[in-house]
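Good morning, everyone, and thank you for making time for this. I would like to walk through one protein chain, starting with its overall plan and then turning to one pair of its elements.

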Amino acid sequence: MNQRLAELYNHVAVHATADREHEAAVELLLLVMLADHHVSEAEVDEIRSISADSGWETATFSFDQYLGVAASKVRAALEDDAVEALLDDIDGRVASSVLRSALFSAARDVAGADHDLDAAEESLLGQIAARFD
């Protein structure tokens, strides 16, 4: 019976893992924003809105507090040609099927927020769709 319960709850986010999943989601959305090596206020505002509208803002997680850490992690992955490894890490931390299904749509919204979708963003959106859509 314990194995069956573990299988049932394997892809359900619980409170203990929610912050970890939200951090991963923010990293993914920042990756989309930084893929073209250009930061726009519209894209940052879009990520902030997604975070607030999705209920990620809690007593233990804040987009604005995590922004610097996440941006640093994403920039390092872009500079070290380690985007695939970062995507693997993000993929491994997001267990919630609801969040997984929302990530591609959110990523597309961030990419389009500045009304300038370039080839790097399009390629990354394809990778995200393959993993999360």
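If we read along the sequence, the protein chain follows the pattern α-α-α-α-α-α-α, and so far as the count goes, there are seven helices and zero strands. Please keep in mind that this is a predicted model, with an average pLDDT of 89 for the protein chain and 88% of the residues scoring at least 70. One stretch calls for caution, namely residues 8-13, where pLDDT stays under 50 and for which the model has seven contacts beyond four places in sequence.

Turning to the chain as a whole, 41% of its 133 residues count as buried, while the accessible surface comes to about 7,200 Å², with 51% of that belonging to carbon and sulfur atoms. Among the contacts with a separation of 6 or more, 76% are accounted for by residues 24 or more positions apart.

Now to the pair I mentioned. How do helix H6 and helix H7 pack? Helix H6 covers residues 97-112 and helix H7 covers residues 119-132, and they pack at an angle of about 170°, with their axes 9 Å apart. Because angles over 145 degrees count as roughly antiparallel, H6 and H7 are described as roughly antiparallel to each other.

As for who meets whom, H6 contributes Arg 100, Ser 101, Leu 103, Phe 104, Ala 107, Arg 108 and Ala 111, and these meet Glu 121, Leu 125, Ile 128, Ala 129, Arg 131 and Phe 132 in H7. Sorted by class, this contact has eight nonpolar, one polar and four charged residues.

Technical notes: Residues are numbered from 1 along each chain as its sequence is written. This is a predicted model: local features need pLDDT of at least 70, side-chain atom pairs count only at pLDDT 80 or more; totals for chains, interfaces and linings use all residues. Side-chain values use heavy atoms; hydrogens and water are left out. Axes are lines fitted to C-alpha atoms, for helices over the stretch in contact, and angles run from 0 to 180 degrees between N-to-C directions. Helices (H or I, at least four residues) and strands (E, at least two) are DSSP runs, numbered from the N terminus. Angles under 35 degrees count as roughly parallel, over 145 as roughly antiparallel, 65 to 115 as roughly perpendicular and the rest as oblique. Contact means heavy atoms within 4.5 Å. Ala, Val, Leu, Ile, Met, Phe, Trp, Tyr, Cys and Pro count as nonpolar, Asp, Glu, Lys and Arg as charged, and the others, Gly among them, as polar. Buried means under 20% relative accessible area, exposed over 50%, partly exposed in between (1.4 Å probe, protein chains only). Accessible areas come from the Shrake-Rupley method with a 1.4 Å probe; for residues, only the protein chains shown count as cover. pLDDT is the predictor's confidence in each residue, from 0 to 100.
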